[in-house]
Amino acid sequence: MLVRVVLLGTAAGGGFPQWNCACALCAAARDGKLPSRMQECAAVTGNGRDWWLLNASPDLRTQLTATPALWPGPGPRDTPLRGVLLTDAEADHVTGLSELRGAADLKVYAAPPVRAVLAPARAALDRYARWEWADSLADGGFVLAGGLVVTAHPVGMKIPKYVPAPTPDPACPWVTAYRVEDLASGGVLVYAPCVGAWSPALEELCAQADCVLLDGTFFAADEMGTAVRSGAGQAAMGHLPVTGPDGSLAGLARHPGARRIYTHLNNTNPLLDPASAARARAAKEGVEVLPDGAELVL
């Protein structure tokens with residue numbers, strides 16, 4: 001078997017269209033002119049039987065129901081899901097854990113600050129069924145059922161707004177990317193839906209990858225203020241923009257050998273429109289924007 005990845009959702013927090021936004025893109029989606037998207041989440045397997053979620057979005061129940069490979073069976077309570085790999089503690093990446101309550105023997109990997117801030121949620125979920133919570137940054141990485149070897153790599157310090165008066169500690173990164181390698185085929189997936197800046201570590205990860213699923217939240221640094229006149233630009237939100245001299249598109253252009261795909265697209269991002277100049281620019285560099293439900297094989 002080869003590595004299979006299903007893009008369960010590709011939108012940023014709030015989905016697309018966002019429920020409380022009347023920007024031009026959201027209006028077009030409501031009119032049926034652009035496809036809707038659920039909040040970012042993916043599933044990966046190395047053998048077609050043991051599946052692991054990459055983040056757990058608020059749309060998780062709908063995403064699981066829409067994906068036959070993740071349906072339960074053959075027993076009444078059997079499930080192919082083995083656990084979850086969290087990249088951070090953002091609400092749109094962890095809220096879906098509550099949908100999995102009651103499933104026995106799941107394992108959740110996360111960085112130490114993420115596990116710490118989720119302590120109340122962990123205690124509540126454990127009352128339904130006890131899960132194992134592991135450090136994703138443990139030395140040497142970890143092996144997942146299905147023949148996948150995973151290492152987590154710090155790529156940002158973005159702390160969720162719900163965390164009261166946080167004090168960033170560079171030694172305890174809040175945001176990680178995952179490098180997922182299949183032992184049988186040697187295929188390498190890099191999953192990084194939240195990235196603060198292009199770093200040497202991210203450069204090295206992309207150089208090793210067969211496929212990169214990367215943070216495409218904002219196309220431009222001033223996008224939020226331009227699209228919704230909020231006065232709040234991207235810089236305050238901890239996401240590397242696609243464009244600009246230090247943007248992700250320039251970084252990805254140095255790795256043409258990998259399949260490169262944007263995910264976690266904000267509702268203001270023109271990449272959501274297949275007919276936009278933004279989409280044409282990304283396509284010219286060989287970078288893709290795929291729909292929800294797309295399946296990749298490495």
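I started at P74, which lies in the loop between α2 (60–65) and β4 (81–85); helices here are DSSP runs of H or I with at least four residues, strands are runs of E with at least two, and both are numbered from the N terminus. A note on what I am reading: this is a predicted model, in which local features need pLDDT of at least 70 and side-chain atom pairs count only at pLDDT 80 or more, while totals for chains, interfaces and linings use all residues. Residues are numbered from 1 along each chain as its sequence is written, and side-chain values use heavy atoms, with hydrogens and water left out.

**Entry 1, cis bonds.** I looked up P74 for its peptide bond: the one from G73 to P74 is cis, with omega near 5°. I found another cis bond from F16 to P17, with omega near 0°. P17 sits in the loop between β1 (4–9) and α1 (24–30). As a reminder to myself, most peptide bonds are trans, and most residues other than glycine have a negative phi.

Next I checked N55, a residue other than glycine whose phi is positive, near 75°. N55 is in the loop between β3 (51–54) and α2. It is buried, with a relative accessible area of 0% (buried means under 20%, exposed over 50%, partly exposed in between, with a 1.4 Å probe and protein chains only). H264 also has a positive phi, near 60°, and belongs to the loop between β12 (259–263) and α9 (277–284). H264 is buried too, at 4% relative accessible area.

C41 is in none, and its nearest cysteine sulfur, that of C194, is 15 Å away. C41 is buried, with 1% relative accessible area. C206 is in no disulfide either; the nearest cysteine sulfur belongs to C211, 10 Å away. C206 is buried as well, at 2%.

I then traced an open sheet of seven strands, in the order β7-β8-β9-β10-β11-β12-β13, with mixed pairing; two strands pair if DSSP finds at least two bridges between them. Which strands stand at the edges? They are β7 (142–144) and β13 (287–289), each with a single partner strand, so one side of each is left without a neighbour in the sheet. Neighbouring strands are turned by 25° against each other on average, direction ignored. For angles, axes are lines fitted to C-alpha atoms, for helices over the stretch in contact, and the range is 0 to 180 degrees between N-to-C directions.

Inside the sheet, β11 (residues 211–215) pairs with β12 in the parallel sense over five bridges. L213 has I261 of β12 as its bridge partner. Helix α6 (residues 200–208) packs on the sheet and touches β8 (148–156), β9 (175–182), β10 (188–192) and β11, its direction making about 20° with that of β9; contact means heavy atoms within 4.5 Å.

Stepping back, I noted nine helices and 14 strands in the chain. Of its 298 residues, 52% count as buried. Among contacts with a separation of 6 or more, 66% come from residues 24 or more positions apart. Along its principal axes, the C-alpha trace spans about 50 × 40 × 40 Å.

Key
Disulfide = S-S within 2.5 Å.
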